[in-house]
Amino acid sequence: MIALIYKDLVALRKALFSLIFIMFIVGFLTVRQGNIMTLPLMFILVPLILLGMLWGSDTKSNVDQYIIPGPVTRRTIVFSRYVFVWIVAVIGTLFTILLKLFLRDGILLEIPWYLIAVTMPLLITIISVIQLPLMYKFGAEKARLIFVVLYFVVFALFSYIGSNKELIAKFMDKLILLDLKIIGLAIMGVTILLNIISFALSTAIYTKKEF
Amino acid sequence: MQNAIELQGLKKRLGNFVLGPIDLTVPRGCIVGYIGENGAGKSTTIKLLLNLMIPDQGEIKLLGKDIREFTPQMKKDIAYVFDDLYLPEDMTLKNVQNFHRKLYGQAWQDKTFSELIARFSLPNNKTIKHFSRGMRMQLGLALALSHGAKLLLLDEATSGLDPVIRDDVLDLLLEYIQNEDHTILVSSHILSDLEKVADYIAFIHKGQLLFMETKDELVDQYGITSLSKEQLAEIDDKAIVGKRPHQFGVEVMLKRSLVPSDLELERVSVEDIMVYMIKGERK
Amino acid sequence: MNIQIKNSSNDPIYLQIKNQIRDAILNGELEADELLPSIRFLAKELRVSVITTKRAYDELEKDGFIHSVHGKGSFVAPQNLDLMRERFLKKIESNITEILRYAKLADVSHDELIEMIKTLEDENAECN
């Protein structure tokens, strides 16, 4: 397990550095413009980008053929991919909470920290959770197409949310009527459920795969 | 004694190609050359052994245990080298070593690995992208030999390597087989120098296992000679394994037991047997 | 001990190994109870199959030149050298009788025979 994550990190070493660099620059620019929300939202794209790269690297090196006969189960190999996404989710969530504590941006300040703690994991993992079984099923090439489609969907969603500040406000008003803690629990439940279903699907697909 | 490999009625269909059913038993402590043309089914067999493909029918036992019951711990007893080193090319040798240390845990023999790396003088800080094919295979073999495996499977691992590196590989295999518990299966379409040390030869052709025999018996069984067409006519048809007719006569491979003992025959190599059998069948 | 494998030879490899070990035992190069190299080590050094070296050892054992102790290896069996020498002398005697018969038929003198032996010996020395 640790070996597999290690392999992924080494394979992505260069990409990770440039990604952190880019996020730093974007973060700096958006903070100066006072548009803090861009930064947490960027984290949603991170797993998408990294998974795409991992898939490319794995396909190129044919590493699955090397690892499967080794001392791991196929289930563990799939699991390591999900762990990778969850690591990104944890980092993204912690980052957002820190952002709330230090920067005191308007929108972030209104959302209680525990709501961030459950919403960010959902936002960060949701695309991967949909994408991973598709990637295992259809392979890197077709998955790249799906990647592009998903990218546009997410992008469209962002611009929609971005241009409808009242919508967020309206939504927030309704939410406030409910008990926020129950909403938080519901979000957490949905996140865990989606991840488990997705992992089970991916494992089932990968176990039958031939190389 | 326990067998290293046991295949029973192993069958796999891949499009138009059908492998098997194959029955094969490899005793412990020996080197088996698994030979055949490209596309004969060698790699498919090895992929089935390594759980990279799932058989349609039949049973596979490695080291006396059904492979479907293998735990990760048991998989450490199996080592394998493919025709290329399938690791991310951005890894350096140090990365590869760390990766295997984590992957194999207790079973990983760091000292053995370092010694092999030093022996091949592989560079420590270059990424494997910059390794030559020979270096990649040396690294692959060093990795395979550094976790105390009892069964070593090589799939076309020495094809296309230069003679000096092939010789290194041969040395390593011979050192490995000094332990009577160790077994090696080498699949290749060209055995050349490895042929000398093989105990058994298994010959696969169009998905069917034609035979598995001790190499000595196999090689002693046949002989090659050049004859005139008139001389050939006098030879028992059953004795002719294969022939290469040309304008000025014919080269034939014959079964020694079926020809007069005064006929002078040259010794054959395993490759000769493969070529003459395949060509003999085509006619 | 030296063992040379010649691919040009008509003898199978196991026989080449067997004969050379046998010769080394007979000419005293290998002494009684001396430990022989293991089957696997010999196969590795000569780069031949383990089955080949095993067959050579099996045949040497069958002929009484070596004996194997399970788990310990193969040892040179004590040879009754006097008996061996006697056997060889008998063989030489019978061969010489044959030679003398042919010499008489072809009218070859004793001096000529000795000359032939010397020439053959020199030739053999060159070959080796």
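**Note on a predicted three-chain model**

1. In chain B, the C-alpha centres of domain 1 and domain 2 are 31 Å apart. Domain 1 of chain B covers 3-90 + 146-206, and domain 2 covers 220-282; these bounds come from an automatic or database domain assignment. The contact between them draws on 9 residues of domain 1 of chain B and 5 residues of domain 2 of chain B, two residues being in contact if their C-beta atoms, placed from the backbone, lie within 7 Å.

2. The model is predicted: local features need pLDDT of at least 70, side-chain atom pairs count only at pLDDT 80 or more, and totals for chains, interfaces and linings use all residues. Residues are numbered from 1 along each chain as its sequence is written, while chains are lettered from A and ligands numbered from 1 in the order in which they are written.

3. On the side of domain 1 of chain B that touches domain 2 of chain B, β3 (31-35) and β9 (200-205) of chain B each contribute at least two residues. The largest share, 3 residues, belongs to β9(B). Helices (H or I, at least four residues) and strands (E, at least two) are DSSP runs, numbered from the N terminus. By class, this side of domain 1 of chain B holds 5 nonpolar, 2 polar and 2 charged residues. Here Ala, Val, Leu, Ile, Met, Phe, Trp, Tyr, Cys and Pro count as nonpolar, Asp, Glu, Lys and Arg as charged, and the others, Gly among them, as polar.

4. Chain B also contains an open sheet of 3 strands in the order β11-β13-β12, with antiparallel pairing; two strands pair if DSSP finds at least two bridges between them. Its edge strands, each pairing on one side only, are β11 (222-227) and β12 (240-246) of chain B. From one strand to the next the twist averages 15 degrees. The antiparallel pairing of β12(B) with β13 (residues 249-255) of chain B runs over 6 bridges, and B:Ile240 stands opposite B:Leu254 in β13(B).

5. The contact of chain C with chain B involves 11 residues from chain C and 12 residues from chain B. Two or more residues of the chain C side come from each of α2 (39-46) and α3 (50-62) of chain C. This side of chain C comprises 6 nonpolar, 2 polar and 3 charged residues. No contact joins chain A and chain C, and their closest C-alpha atoms lie 29 Å apart.

6. Within chain A, the axes of helix α2 (residues 38-61) and helix α4 (residues 74-103) come within 10 Å and cross at roughly 170 degrees. Axes are lines fitted to C-alpha atoms, for helices over the stretch in contact, and angles run from 0 to 180 degrees between N-to-C directions. The crossing makes α2(A) roughly antiparallel to α4(A), a term for angles over 145 degrees. Among the residues that meet are A:Phe43 and A:Leu50 in α2(A) and A:Phe95 and A:Leu99 in α4(A). By class, this helix contact has 10 nonpolar, 2 polar and no charged residues.

How values were computed
Parallel < 35°, antiparallel > 145°, perpendicular 65-115°, else oblique.
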